[in-house]
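This report describes helix packing, strand pairing and a chain contact in the model shown below.

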Amino acid sequence: MQVKINGAVAEIPDNHSIDDLLLARKLPRDIVIIELNGEIIKRENWESLKLNPSDSLEIIRIIGGG
Amino acid sequence: MEDKLYIAGRQVDSRLFIGTGKFADYNLIPAVIKASKAQVVTVALRRVDFGTPEENMLKYLPPDIILMPNTSGARNAAEAIRIARIARETGCGDWVKIEVISDQKYLLPDNFETVKAIEVLAKEGFVVLPYMSPDLMAAKRMAEAGAAAIMPLGSPIGTNRGIKTRELIQILISEINLPIIVDAGIGRPSEAAEAMEMGAAAVLVNTAIATAENPVLMAEAFGQAVEAGRKAYLSGPGSTQRVAEASSPLTGFLRKE
């Protein structure tokens, strides 16, 4: 199915959870924050929450900045 | 002499705040923080870049600092509010530097949108420190909206040009009953000392340290300059004169007449 990740269309398997996605993209879960369709998703829900077609996901992390 | 800075009731031990952008290598950051003795440290939030391996930036920061994420990238109040809420999800605390910028040439902040963002975020329990163009009325609105400190710019971000807005910042220091922290434009330790001598509560420095040939040594120099400037302010400098006033007595000279 197709979802949007950080503004770009991406193809991911059906029934993928946020944790599945992070694992597939090799992103450690403790360094990112997830926003799904404009809402922040708490870490404790990343395992259970399944993504749906057309979902828009933002994967954000902290970097150096002034 | 007891001289402590408090922001939103929290004691801050160093009047030098530092930013973590533009460093050639994150590995420099622990030594920079140590050398500068800074306690408040800014970071930014960005989308993950899938093209490059991700590093946990936070692991370079000592645990006892106050982390202050900024809302850089926000062009209006709504975007700043969104970024602030995301920042809080990182578990790094409630401090946030509001930065709302839509002018891409001078990166001058939008004071009007900043006030709107402060109103919302202060009610949500954030400790809000707005980056702003030094303007007395805007600073008053920000204080009323719940800002914990006011951070006027000395000159545009990253320019290293010093405190070009000196007169306006001096007015904020005298009229606003909140810590005034000079943010942006400070390029030399002498300029940080100047801000402190003016009575600023603190300064925020990033580019000047990060782009120095030896950032760790420059961080130490800034730390000392901020301490020196603060002590000079507290000591009450003497007045200036148009003509000379001898330092040594004008009597008892060792000459014949």
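In chain B, helix α6 (residues 189-198) packs against helix α8 (residues 215-235) at an angle of about 25 degrees, with the axes 7 Å apart. Axes are lines fitted to C-alpha atoms over the stretch in contact, and angles run from 0 to 180 degrees between N-to-C directions. Helices (H or I, at least four residues) and strands (E, at least two) are DSSP runs, numbered from the N terminus. α6(B) and α8(B) are therefore roughly parallel, a term for angles under 35 degrees. Among the contact residues are Pro189(B) and Met196(B) of α6(B) and Phe222(B) and Tyr233(B) of α8(B); contact requires C-beta atoms, placed from the backbone, within 7 Å.

This is a predicted model: local features need pLDDT of at least 70, side-chain atom pairs count only at pLDDT 80 or more, and totals for chains, interfaces and linings use all residues. Residues are numbered from 1 along each chain as its sequence is written, while chains are lettered from A and ligands numbered from 1 in the order in which they are written.

In the β1(A)-β2(A) hairpin, with two residues between the strands, Asn6(A) takes a positive phi near 50 degrees.

The contact between the chains takes 25 residues from chain B and 18 residues from chain A. β4(B) gives the largest share of the chain B side, six residues.

Key:
Parallel < 35°, antiparallel > 145°, perpendicular 65-115°, else oblique. Contact = placed C-beta atoms within 7 Å. Pairing = 2+ DSSP bridges.
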